[in-house]
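Let's work through a structure together, one question at a time. Keep the picture open while you read.

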Amino acid sequence: MDPRSIVLPDSITPADGRFGCGPSKVRAGQIDAIAAAATTLLGTSHRKPAVKNLVGSVRSGLTDLFGLPDGWEIVLGNGGSTVFWDVATFGLIERRSQHLVFGEFSSKFAEAATTAPHLMDPVVIESATGDHPEAAAEVDVDLYALTHNETSTGVAMTLTRPTGIGNSLVAVDATSAAGGLPWNPSEVDVYYFAPQKCFASDGGLWLAACSPAALERINTIAASDRWRPASLDLGIALTNSLANQTYNTPALTTLVMLDDQIRWMLDNGGLDWCVARSRQSADTLYNWAESRDWATPFVTDPAKRSAVVGTIDIDDAISAETICDVLRANGILDTDSYRKLGRNQLRIGMFPAIDPADVEALTHSIDAVVSALGS
Ligand SMILES: *Cc1c(COP(=O)(O)O)cnc(C)c1O
């Protein structure tokens, strides 16, 4: 029998079947926002008031959502988080960085810094996947690179400024965490992300909340004679951002969807509400996994289990890939584990846009698939 012929009853399946970890579920309201912008904003100049006001709304909305202190700025540019690693390599690291590496995404920034000819080799502190290392102050390190949520493994870390680092910066890859996990700006200098995860928008944009110390660093490097390609120049990005613009043309629908998601988050109660909503989904998922003898949360320390990306190991007697195939045939999408991790695992996005009731329905659906597979 082809497992994909298993039919799950509508009564147990999620109302919305999108559980991917990026791009992730877009709410219907965000599509309505695009339609509402159809003739007034889409197809108009990004140097004119309509789009500049939209960028301004995104910047002030994020400032409110994160509760940023005076003097912080939201800086943005085209290219997504991967491009921001190159941007940071050119315009944020002075001489040497330290990287906590505990999965695919955190390893990529370390790689970018390692290959940059104008920087010293970075310090890389690595841990096994399923855990995260701790940062440690070192005299010649001027930027500490942390990852709030390692999307490839479902490990989240509490953000704390390492003790004894003086004026060095703490830069956090928050691509999958921003808008779904709590953080305190006093512990961080640069909190950067792309909008296709908690912000339920499209990819291709990077945004960075920058502290006064980070802005000072950006301006110092921008005034130096270090060669930077203009499209990756953080000084140019900052100047444009302060004018509610980007250096080159942005995708307008991405900004419309992002802004609508920020308004939705603020209208519902802000970051605390978002955090609680993802936490509720996560409690449902992890409690369910712990109560099944064929499922186990991959991250052993409950304090490090992500509330936005859940990774669940499946007993080797049951193929996680087959479970995903059956779910997909029933309209439940992107529950697959991160390929390169190579585990018999499900990975579930639990971003704020995803209804906690749908995560619960997903657990019932997985139960039904496993039962139908005869295990
Ligand atoms: C998705 C993700 C990235 C990559 O984002 P892009 O916008 O595709 O470059 C980087 N870091 C983390 C933690 C991610 O989850």
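Q: Which residue stands opposite L205 in β9?
A: This is a predicted model, so keep that in mind as we go. Strand β1, residues 73-78, pairs with β9 in the antiparallel sense. The residue facing L205 of β9 is N78.

Q: How many bridges join strand β8 to β9?
A: Strand β8 covers residues 190-193, and it runs antiparallel to β9. One spot to look at is A209 in β9, which has Y191 standing opposite. The number of bridges joining β8 to β9 is four.

Q: Is strand β9 largely enclosed or left open by the rest of the structure?
A: Side chains in a regular strand alternate between the two faces of the sheet. In β9, L205, L207 and A209 are buried on one side, and W206, A208 and C210 are buried on the other. That makes six of the six residues buried, so β9 is largely enclosed.

Q: Which residues of helix α1 are exposed on the face turned away from its buried side?
A: Start with the buried residues of α1, which are Q30, A33 and I34. They cover an arc of only 100° around the axis, so they sit on the same side of α1. The face turned away from that side carries A28, D32, A35 and A36.

Q: What do the buried residues of α1 pack against?
A: Helix α1 spans residues 28-36, and Q30, A33 and I34 are its buried residues. Their packing partner is residues 252-267, known here as α7.

Note on methods. Residues are numbered from 1 along each chain as its sequence is written. This is a predicted model: local features need pLDDT of at least 70, side-chain atom pairs count only at pLDDT 80 or more; totals for chains, interfaces and linings use all residues. Side-chain values use heavy atoms; hydrogens and water are left out. Buried means under 20% relative accessible area, exposed over 50%, partly exposed in between (1.4 Å probe, protein chains only). Helices (H or I, at least four residues) and strands (E, at least two) are DSSP runs, numbered from the N terminus. Two strands pair if DSSP finds at least two bridges between them. The arc is that of the directions from the helix axis to the C-beta atoms. Contact means heavy atoms within 4.5 Å.
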